[in-house]
Amino acid sequence: MILAIDVDYRGTTASVAGIAFQHWQDSEATGIYQSQVDNIADYVPGSFYKRELPCILTLLREHDLKPDVIVIDGYVYLDGKHQPGLGKHLYDALDGSTIIIGVAKKPFRDIGDDFALYRGNSNTPLYVTAEGIRQNDAYQAVQQMHGKYRNPTLLKQADRVCRRINLS
């Protein structure tokens, strides 16, 4: 199973969505999972993982999910190779048992153009980083994902689902 995860924040509460699918080219989810996390940490620049990692781990634990691959909205390595980001911390928290692929929409200050992926007719790249898989294989996987625009269909769905969760 491949699981695309996104998190939305409102005050001190977060909504987390996971979109499960089987093949990189899939256009439809095989499962949709949602969780809510209260009392989340404040955002600290350069330490985003401290806020988002507990949310992702809650989703995995609450739904007993053990995907082969997790695709996150963010970076595995902030510089592409060495400086750990959310994805590397997630990989370590899962004891290296799950491949993590990060797909970021904005460049981080030290990320190189060799991590940029142009999809569809967009002149704006996505930035792909990974752990547990060769960088080129991660790049190709994201390139193959369904959708003719910059953002793959199921990654957009994860974003929409987490924003729709009622945080009452």
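## Helices α1 and α2

Contact here means heavy atoms within 4.5 Å of each other. The model described is a predicted one. In α1, the residues Tyr49, Glu52, Leu53, Ile56 and Leu57 meet Leu86, His89, Leu90 and Ala93 of α2. By type, the residues of this contact divide into 7 nonpolar, 1 polar and 1 charged.

Helix α1 covers residues 49–62 and helix α2 covers residues 86–93. Their axes lie 10 Å apart, and the two helices pack at an angle of about 45°. Because of that angle, α1 is oblique to α2. The crossing of α1 and α2 is right-handed.

## Strand β7 and its two faces

Strand β7 spans residues 126–131 and is mostly covered, with 6 of its 6 residues buried. In a regular strand, side chains alternate between the two faces of the sheet. In β7, Leu126, Val128 and Ala130 point one way, while Tyr127, Thr129 and Glu131 point the other way. The residues in both sets are all buried.

## Partners of β7

Strand β5, residues 99–104, runs antiparallel to β7 and is joined to β7 by 5 bridges. Within this pairing, Val103 has Val128 of β7 as its bridge partner. Val128 is also one of the buried residues of β7.

Strand β6, residues 116–117, pairs with β7 as well, in the antiparallel sense and over 2 bridges. Here Ala116 stands opposite Tyr127 in β7. Tyr127 points the other way from Val128.

Key:
Residues are numbered from 1 along each chain as its sequence is written. This is a predicted model: local features need pLDDT of at least 70, side-chain atom pairs count only at pLDDT 80 or more; totals for chains, interfaces and linings use all residues. Side-chain values use heavy atoms; hydrogens and water are left out. Axes are lines fitted to C-alpha atoms, for helices over the stretch in contact, and angles run from 0 to 180 degrees between N-to-C directions. Helices (H or I, at least four residues) and strands (E, at least two) are DSSP runs, numbered from the N terminus. Angles under 35 degrees count as roughly parallel, over 145 as roughly antiparallel, 65 to 115 as roughly perpendicular and the rest as oblique. A crossing is left-handed if the near helix is turned anticlockwise from the far one by less than a right angle, and right-handed if clockwise. Ala, Val, Leu, Ile, Met, Phe, Trp, Tyr, Cys and Pro count as nonpolar, Asp, Glu, Lys and Arg as charged, and the others, Gly among them, as polar. Buried means under 20% relative accessible area, exposed over 50%, partly exposed in between (1.4 Å probe, protein chains only). Two strands pair if DSSP finds at least two bridges between them.
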